[in-house]
Structure formats: C-alpha cells, structure tokens
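Please examine the structure shown below and follow the explanation from the whole assembly down to single residues.

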Number of protein chains: 4
Amino acid sequence: MTGPIGYLGPAGTFAHQALQSTGATHGRPFPSVITALDAVRDGTVEASLVPIENSVEGGVSSTLDELTHSETPLMITSEVTLPVQFSLVARAPMDLLDVRSVATHPHASAQCRRWLTENLPNAKVYDAASTAAAAAEVASSGRYDAAICASVAGDMHDLVHLADGIADNRDATTRFVVVSPLGTPSEPTGYDKTTVVAFIHTDRPGALLHTLQQFAARGVNLTRLESRPTRTTLGTYCFSMDFEGHIAQARVAETLMGLKRTCRDVVFLGSYPTAQRVAPQVDAGFSEEDFGAARTWLNGLLGS
Amino acid sequence: MTGPIGYLGPAGTFAHQALQSTGATHGRPFPSVITALDAVRDGTVEASLVPIENSVEGGVSSTLDELTHSETPLMITSEVTLPVQFSLVARAPMDLLDVRSVATHPHASAQCRRWLTENLPNAKVYDAASTAAAAAEVASSGRYDAAICASVAGDMHDLVHLADGIADNRDATTRFVVVSPLGTPSEPTGYDKTTVVAFIHTDRPGALLHTLQQFAARGVNLTRLESRPTRTTLGTYCFSMDFEGHIAQARVAETLMGLKRTCRDVVFLGSYPTAQRVAPQVDAGFSEEDFGAARTWLNGLLGS
Amino acid sequence: MTGPIGYLGPAGTFAHQALQSTGATHGRPFPSVITALDAVRDGTVEASLVPIENSVEGGVSSTLDELTHSETPLMITSEVTLPVQFSLVARAPMDLLDVRSVATHPHASAQCRRWLTENLPNAKVYDAASTAAAAAEVASSGRYDAAICASVAGDMHDLVHLADGIADNRDATTRFVVVSPLGTPSEPTGYDKTTVVAFIHTDRPGALLHTLQQFAARGVNLTRLESRPTRTTLGTYCFSMDFEGHIAQARVAETLMGLKRTCRDVVFLGSYPTAQRVAPQVDAGFSEEDFGAARTWLNGLLGS
Amino acid sequence: MTGPIGYLGPAGTFAHQALQSTGATHGRPFPSVITALDAVRDGTVEASLVPIENSVEGGVSSTLDELTHSETPLMITSEVTLPVQFSLVARAPMDLLDVRSVATHPHASAQCRRWLTENLPNAKVYDAASTAAAAAEVASSGRYDAAICASVAGDMHDLVHLADGIADNRDATTRFVVVSPLGTPSEPTGYDKTTVVAFIHTDRPGALLHTLQQFAARGVNLTRLESRPTRTTLGTYCFSMDFEGHIAQARVAETLMGLKRTCRDVVFLGSYPTAQRVAPQVDAGFSEEDFGAARTWLNGLLGS
C-alpha cells in the first residue's frame, strides 16, 4: 500500500505502535474506530488499523459491530498482535502516595486495577477518551496528576515515568486488524485464518450446535467465537468467528457455503495471514489433497 | 435392456415374481445370489435381480456381502418391492392335522412360525434350498407331505393349496434390487436413493457418529443402516446404507466426498429411482438451488 | 430483603430505575459494578443490581468478569429487563443547531449515533463516567451545553428536555441482575433460567461443540452464549451461558454435572425466575416426569 | 448354575464346544435357537447358550430377534467367543477330486467358499440343518460323500478327516451368549459390556444420530450396532447394540435412562463380563469418580 494507512489515534496509542510494527511509515490517526473505518469506506485512506480483541478485556465491540453492520462491505486483510504494557507518567517526579488523580482509558484502568489499589491508594481514576489523550491532558493542564498510557505516549509529551509495566497481567496482548474495502482475498500463505459473522436462525433450537457441526464436518477449527447482539431484540445474537484456513482452500470454501445455506445470513470478513505465521494442523481427510482425491473419485463415478 | 435378466431362482420364487412385475419377459434363473451376480460380472446377463431386504427377516446377507466385496464392481440400477405371501401346498387334499413334514426355506418357516405352531401341531419343518425347491421336492417325491412356497410355485407343480396367506405378518414385504456392472448412473428422477457401503475407522471412538454427521451437515436422510462384519476380526463392521437423493445432486455428491475422505473406504453401489416414486422432503438450505446460490456467493467473494 | 440494595449509580441511571421497578425502596448507589459487588461480598448490602446485557451494546464486560472471577462466590437471584430510552437535556431551552457540546456515557452516544448526526450536526460528544454524571455536570457547570441521559436524571437536576426518545433503536433493552452471596437457590417457579461460566478445554479441538452437546443430550436450550477472555493468553476463552430451567430440575442438574465433568471448570451463577415469567417449552423426553419414569425403569432393572 | 444348561444342538456343534469351554458339564441340546430359549422361558433349563454373532456371517438373526421380541423377558448373563474351524470329513479316506457331494449348514459353506472352489471342483454342496446333522447324515447314509463340520462332530461319528482348517478366513470367530430369565445383573467386574435394543423414533429425521449422541455425551463406546427390522413396515428398524460398561456404573445408567427417554422403546438385555476380560478405557470426565465428584458438587450447590 502506498497511500496513508488510518489507525485508531491519537498518535501514541497502541494502535499507532502496532501500525509501526508493520513497517508502515505513513499513518493517519482517527479519533474513533468508526471514523477510521469511514475513511476506508470513502477512500480517504486505503486501509485502517483498529483493535479487535484484547486478551484481558475481550472483543472490541465497536470494531466487531462496525465490520458486521457496515453498509459498504469491508474486509480484514492482515492482523498484528502486540503485547500491551502500561506506564504511569506525570509532569514531574513525585511519590506514588501523593498521586491523587489519574486519567486513562477505562480499558487501561481495568487492566491495572490491582496495581492501582496496591500502589496508588490515594488516587481517583478518571476516564479519558484514550490513553494518549490522557497523557496529552496531563501534559497540558493541571487537571490530573498522572496518566496511564503506552510508554511512547509519555515520551511524546516529555512526561516523567513514575512506573512501567504496571498491568496486572504481564502477558496482556491486543490484536489489531487492517481493514480494507471488500476485494479479492490475497493468495493463501499456508498459515491463514478466516473471519465471518454468522446470523444463525435463532428461532430454531440447537441452531448454534448445527452451525458448529458445519465446521466439524469439514475438519475446520474455530479459534474465536464471540456473540454480539443483532441490535434488535434482547436475546438475539450473531456470532463473530475466526477459524483456521483460507477461503481458497476446499475445506474452508465448503464450510463457508455450508454456513451460507444453513444460517440466516453470513458476512465474510476476509481470509488473511495469521500474525503467528504457524501452519495449522489439518486432520486426516481434510487436506487439499484429500478434497482433490475425493472429487476425482466422485467424478469417476459420475463418468465425467 | 434387451438380453436376459438373471434372477435368484428357481422359477416360481418371489424373485421371479418381482422380475415379472418390472415387465421383463426374458428372465434366467440362477441357483444362488452368488451365481446370479457372477453372471453379471462375466457378461452372461446384463443384470440380475436379487433380494436385498425383507421386512421380517432383515437384510439378505449374501446380497449385501457380494455387493460389498465384489472384485468386479457392481451397481444397483433399480429396485422392486413385493408383498410376500406364502401358501401351504401338497400333492393332494389332506387334513392339516395329518401333515407330518413340511419343506421350505428357513426364511419362510421363520415368517410362518406362529401359524405353523397353531395349525400344524404334528408337523416337523425341514430346510430346503428355496421355497420353489421345496415345492418341486413335494411334487416329485414322497419325502415331505407339504411345502411352504409362493403361490405361483404350487401352481407350477400342479400342487393343491391347503392354505394361503399363512405368513404371521400380513404386511411382509421383500425388496429386490437389479444389479448391473458399474457404469454411469442414470439421470436423477427426483425420487432417487443412493446405496453405499462405508468402512469406518473402527479404531477411532465415535467414528460412526462422525460418519452420520457427514449426512446431517448436508441435510441427507438415511433410510437404511445395516452393519455387516468386515470378514476379518470379530467386532469390526462396515455399514451398508441407503439414503435419499442422487449422486448427481449437490447435497449427495458433497456427502459422498465427505464419507470418502473420513472413512477408511467407501463402496458406491448406485443411485436409482425408489420403488415408491415419492420425492423426499429436502430441508431448507439443502436444495439444488440452495447449493447453487451458496456457490455463486462464494465465487463472488473469490472474485471469480 | 430488608436492608439496602446496592446498584450501579449514581442515582438517576437506568440501574436506579430498574431497581425501583422491583419495588425495592431502599437503594444505595455505587460508583462502579466492582464496588457494587464488593459491597455484597463484604456484607455492606444484601444484594446489588447491576447491568449484564444490552440489546444494542451486548454483554457488560465488567459484570460478566466480576461474577466469573470473584474469589468470594456470588449468585444471581433475579433479573429485571428495562426498555432504554434516552433524552437530550440542557440548562435552558435552546435550538438543536446551537448545541456545540454534549456529555454522556460512551454506550449512550453509541446508541444515539444516527440521531446525533442528523439532529446535532454542530455538536462534539464528550465522554462522561455515566449518563447521570453527564446530567449532573451540565446542571452544575457551563462546560457542556447538553447531556444525553435517562429521563429521570434530567428531572433530578431540573434540566430542560430538548428531545426525548432519541435512541436510534426504539426497542433497546437492558437486562439487569440482582447479585447476592452464594447460597441455596430459591425454589423453581416453572419459568427459571440458569447462568454458568464454562471454562472449556481449549487444547481439545471441538471442545465447544462437545459442550453444546451436553445441553442437546438433555434437551436444554441455551438462551445466551458469550465468550470472554480467560485473562491469560490471547485466544483462550470462557463462555458465559444462560439456559432454560432450574438446577433443581433433573434435565438441568444432569447437564450441569455433565459440564462439570467435561469442562476444565464450571462456575455456577444461579437459577432464578426469568423476567418474562414464561415457562419454556420442554421437548418430549426431557420433562421431570420423563426423567422420573426413566429412573424408575432403571431402578427396576437394578432390582432396587 | 447347578441344573442343565441348554445349547443350540445337536451335540457336536460349535455351541456345544463353546459350552464345554465354560466348564459346564451338564449340557442339553435343543434343535433351534427358539426351542433353546423357550426352555429358559418355561424353566426347563436355567439358561441356554446360543450364537449371537459371527465374524464372517454377521449377527445371528434368530437369536437377536428372539431376545428382542420375547414376551417373557430374557437377559444375557455371560458371553463366550470361539474360533471357528471347519473340517471336511467322510466315511473313508478318498481323493478330494472324487468328492461329488458335500453336506453342511449354509453358514459353513459360505465360510469355506473359496476353499471349496479350489479344492473340490467336482462337488455339489447340499444344505443341512446344522454341521453336526451333516456329519450324522454322512455317517448314517450314502446320500452325501462328505460333510463340513466342527472337528468334534467328525470324531463323534468316527468319520475320517479329509482336510482340517478349511475356512477361507482363518481368524473366523463366533460369539455365543448365555441367556437366563430377566433378573438382577451380576456385580460389575470392571470389564463388562451391556446389550440393549433401541427402537428409535423412525419418523424423526436424525433420530439415530441423536441416539448415538446419548452415548457420546456420557463417554460410552459402542462396540456393536446392528439394525433389525421391527417386523412391521419395510424400512423401520430397531438397533441391537453392545457398549462398554455395566448398568450399575453411572455413565451407563445415565446413558440407559437417556435412551429410555428419547427412544420409542428400549429393551435391556443384560450387563455381563466380556469374554476378553479387558477393562475398557474410560475417557477423562466419565469415570465413577468423575460422576461422584460432579454429584457432590451439585449437591453442594443445592445446599443438600
């Protein structure tokens, strides 16, 4: 991609850091997932990088829902995973016990909850629109004593690090996806995943079980399953799913068609290389060769 | 078919009667299922009609096993069902209480067991190779007092009917199949069934369950499932199955390929019109149109 | 319950309104789901009412996660559903086109997104900790022109309604649960649901499918299935589930024991009456009578 | 057992040999499976040993059907497996090429088919009621040149062995069961199996799949599944099944009750030690301890 790539800004957030890890040099921050994806829809940018899932906080609802309900179809073309580490930053060095107010994004405070209780007993936490905005606010006004943010955001604003690595879970990871206009998926790499949203027939008992059996019958492993409200009645859900393999592979193609036939609707959101670049294990009977051999056998029986 | 059609003889058996019901005029009896099918294999006849299933006695093992283990592949090209009615015949009129010996095929005596106990208390039953052979034996020698056979067999040998309709179950039915050399199946009629033998991986727990899920995932209904020994170790089985639909239909083709990939082996034994000529009900999502629409959708996503 | 019932405050939020709908007169607001549930854990209140699910925004992560990972076990004892309607309120009447700044909780702005775009083209939206806090802020300072909040919150602060019923989805509903210390569930009413969290064996392919089959084998219908990260590695989930029936009913008890045996862990979160008070349909073979009859049959075979 | 044990006679058959292998000294032959089982029903014998399955010929229909449809309930109390070896016997030594007629039971000739074709090219095979009867016939008359029978039967009649071990499959095995009046099953040994007949709801698509899922949900492995006609309409079957475990074990008891609730009818035919005396592997989550722990957990939740 040659033009600018959008990302969930402002500059200094984890999304920015994730974008840089892809080698992209021309990023453009947007204030929200919605605006970042709108910029893809209207052609302002070729693609945007937005968070989709965090190992502690779970799925990022706004990303999941924007992809699902988009009138202009979008497609995930790659993913990036990033370890999430938070720092506590302030305008000047100070004792932790003197910190009375901390600004940060609610997801960040949730991930540092235990550390905050133990180390900042006198601080009240205030919600900010982003961790980067919290850092900017601390840098520009005396409203808050400190901010919790990505290390880079503190540096951008010449803030002092009071503490680093303060997340309760040291292995916290966020997964970001690069979203482009719907187009032909790139060639299979051998270590791809596919993302779809399945609207199951909620009035049929066992519909989710039958949907999962569509996968099982073709030896396709689900790696993520997340229910989201359909935005109509309470208790009706659609399911955002990741699974191993690429739409151009027979086991995935047959599964997708099986979902299409048996679900109320299916939104295809892309086949793209996994960040881990590890080829999935394919069970006996489900490889491309197995599918090809079975097709040859069938064609022989049909006399064609 | 213009040449002679083989059938499980001798003349006067139910197979003969079933063949006549198809309009075939040029039948040729064989002494056993094996010889009738050997005559197909070596080209002596174009096809042979043999029994495959009886509503009281169950599957006809020799037919099932000959079709399964045939080195020259054979194929079922049509089926005939026939109500099974037995008569008690003798050389001359006699009182039932005076009947001391009755010859018949073991399947026939099994189906008339209750009637025999109640009406022929003084008779011993002797096994014959076929009901027609029993009638012939009674006609030609004094060895047995009476025979249980098809009505037509008594008539062929000028025997007297002591009783008719003596089967314990008045609704007993036998299903016969016409077996031809393996070739291209005839065109779908809309009311077809398909017969296969699946050798499941018996060393994998739940293998039969997974095999049945191959059918369920494509909305294909099984109408017959019969285990047969694989002729090796006690406790290893293959499964002879009938199911709705024709190999040229997408839901059946995909199921067959799924079986081929996930079973140790699959023997295809034909797609042919059902005797009932009733179109099966196809669940929502599994019609030819549904398969076609899902393929079109997939091709669109693939940009092809 | 005679003592105060906690709820997600401040006063004037939908949780407050939901609590009032139960007839409870002695409510005590808490600033967060965590503090409301901590008050149950330490005995400050007998129970607390917190939101668990919204028909537009989905599951409330903090409630789901606090219930799942609580060291002091908690239990849901009842549920309340509430239609969610938002109002736009200000200090004095003003033209909508003059509104430059609006404060509200991000969930509220998300639910009014389209209305805001069409009716407040000149306004910037600012995040507040709650819709009630937004109303309070508007009432007490000139920082924001208007707030989006529950109708009652505008009234509490003597604010003027600029518009009512501004949610994009008129049928938006939030489900609240009353959470108590773990104890013996109340008696079945005939229209109960049960909530659990299942930690499936994520290293076993098809584990979710097998978990759902535990339900299917006992005719138990799932009504909610939501994955949540286990807070360890990215890609390992637990599943928060609601299903029809009460732990004291045989089909539910057997399902729960089946989950307990086949999952890595199961957290029981209560059996309690549904807000709809509608008895679920129980399939043939799964009623209390059916379970009782099967047990009687088995005991007869065992000679006991 | 102290009284005589019935068996499928005459003396000299494999059933006789199987009975002797159990250490029983007081056997009483019956001319058919039906009469052997009638003798159990009317108290003439305490139990009878009959064949139920052969590794080459498959299930023994008369035994399966008599057990299924018995008005006086019967129960399998033990099983015996026996390698099946056939001998060709005659009145005096003779060249194989001179053998013109061979008598034997159809099952025996089927199992020696290839050997007969290759070694007795000039012989015609005649059906006898049993292999022992064939040997007796050869000994007492000149009607047939030779008989195919169990080795012991040739010896009983002072016949000469022309050839031994002539079965096409050297590993052919027959399984016999000892059938007693329905009573309390013996204590579990740790290596038991259970036999039932399940009449599934044939008017419900996927009923067999759902029945197998009753087993899968409790980790119970099927070791035999055989369809039999219900003796009514063609195409309606019941299923004779063996599975690992004993009715007194929780996973089997729960499976049996699940079948009872979800099938049209279930006939329990006994829990008894396997001939192999090998304890089955029980998957994680399905042992007696696992069931006990889950019950304890549930009782704790119920406050009982």
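What rotation and what shift along its axis superpose chain A on chain B? In this predicted model, a rotation of 179° with 0.0 Å of shift along the axis brings chain A onto chain B, and the RMSD is 0.1 Å. The residue of chain A that comes closest to this rotation axis is A217(A), whose C-alpha atom lies at 3.3 Å from the axis. Both copies use the same surface, since 100% of the contact residues of chain A recur in chain B.

The contact between these two chains may be described from its residues. Chain A contributes 27 residues and chain B contributes 27 residues. On the side of chain A that touches chain B, at least two residues come from each of the helices α8 (207–216), α9 (250–262) and α10 (288–302) of chain A. Sorted by class, the residues on this side of chain A are 15 nonpolar, 7 polar and 5 charged.

Chain A also takes part in a contact with chain C. There, 34 residues belong to chain C and 34 residues to chain A. On the side of chain C that touches chain A, β11 (173–181), α8 (207–216) and β13 (222–229) of chain C each supply at least two residues. The element that gives the most to this side is β13(C), with 8 residues. The classes on this side of chain C are 11 nonpolar, 14 polar and 9 charged residues.

The relation between chain C and chain A can also be expressed as a rotation. Chain C is superposed on chain A by a rotation of 180° with 0.1 Å of shift along its axis, at an RMSD of 0.1 Å. The two copies are thus related as by a two-fold rotation axis. Of the interface residues of chain C, 100% are also interface residues in chain A, so the two copies meet through the same surface.

Which pairs of chains are not joined by a contact? Chain B and chain C are one such pair, and their closest C-alpha atoms lie 12 Å apart. Chain A and chain D likewise have no contact, with their closest C-alpha atoms 12 Å apart.

Attention now turns to the parts of a single chain. For chain A, an unreviewed UniProt entry places the feature "domain: Prephenate dehydratase" at residues 4–181. In the model, this span of chain A is 30% helix and 33% strand, and its end C-alpha atoms lie 14 Å apart. The unreviewed UniProt entry also places the feature "domain: ACT" at residues 196–273 of chain A. Residues 196–273 of chain A are 29% helix and 37% strand, with end C-alpha atoms 15 Å apart.

Two packed helices are described by the angle between their axes and the distance between the axes. In chain B, the axes of helix α8 (residues 207–216) and helix α9 (residues 250–262) come within 9 Å and cross at roughly 160°. This angle makes α8(B) roughly antiparallel to α9(B), because angles over 145 degrees are counted as roughly antiparallel. The crossing of α8(B) past α9(B) is right-handed.

The corresponding helices of chain D may be examined next. The axes of α8 (residues 207–216) and α9 (residues 250–262) of chain D come within 9 Å and cross at roughly 160°. The helices α8(D) and α9(D) are therefore roughly antiparallel to each other, and α8(D) passes α9(D) in a right-handed crossing.

In chain B, the peptide bond from G9(B) to P10(B) is cis, with omega near 0°, and P10(B) is located in the loop between β1 (5–8) and α1 (14–21) of chain B. In chain C, the peptide bond from G9(C) to P10(C) is cis, with omega near 5°; P10(C) lies in the loop between β1 (5–8) and α1 (14–21) of chain C. The residue D158(B), which is not a glycine, has a positive phi near 55°. Its place is in the loop between α7 (151–156) and β10 (160–164) of chain B.

Technical notes. Residues are numbered from 1 along each chain as its sequence is written. Chains are lettered from A and ligands numbered from 1 in the order in which they are written. This is a predicted model: local features need pLDDT of at least 70, side-chain atom pairs count only at pLDDT 80 or more; totals for chains, interfaces and linings use all residues. Two residues are in contact if their C-beta atoms, placed from the backbone, lie within 7 Å. Helices (H or I, at least four residues) and strands (E, at least two) are DSSP runs, numbered from the N terminus. Ala, Val, Leu, Ile, Met, Phe, Trp, Tyr, Cys and Pro count as nonpolar, Asp, Glu, Lys and Arg as charged, and the others, Gly among them, as polar. Copies are superposed by least squares on the C-alpha atoms of residues with pLDDT of at least 70 in both. UniProt positions are given in the numbering used here, feature names are shortened, and annotations may be inferred rather than shown by experiment. Axes are lines fitted to C-alpha atoms, for helices over the stretch in contact, and angles run from 0 to 180 degrees between N-to-C directions. Angles under 35 degrees count as roughly parallel, over 145 as roughly antiparallel, 65 to 115 as roughly perpendicular and the rest as oblique. A crossing is left-handed if the near helix is turned anticlockwise from the far one by less than a right angle, and right-handed if clockwise.
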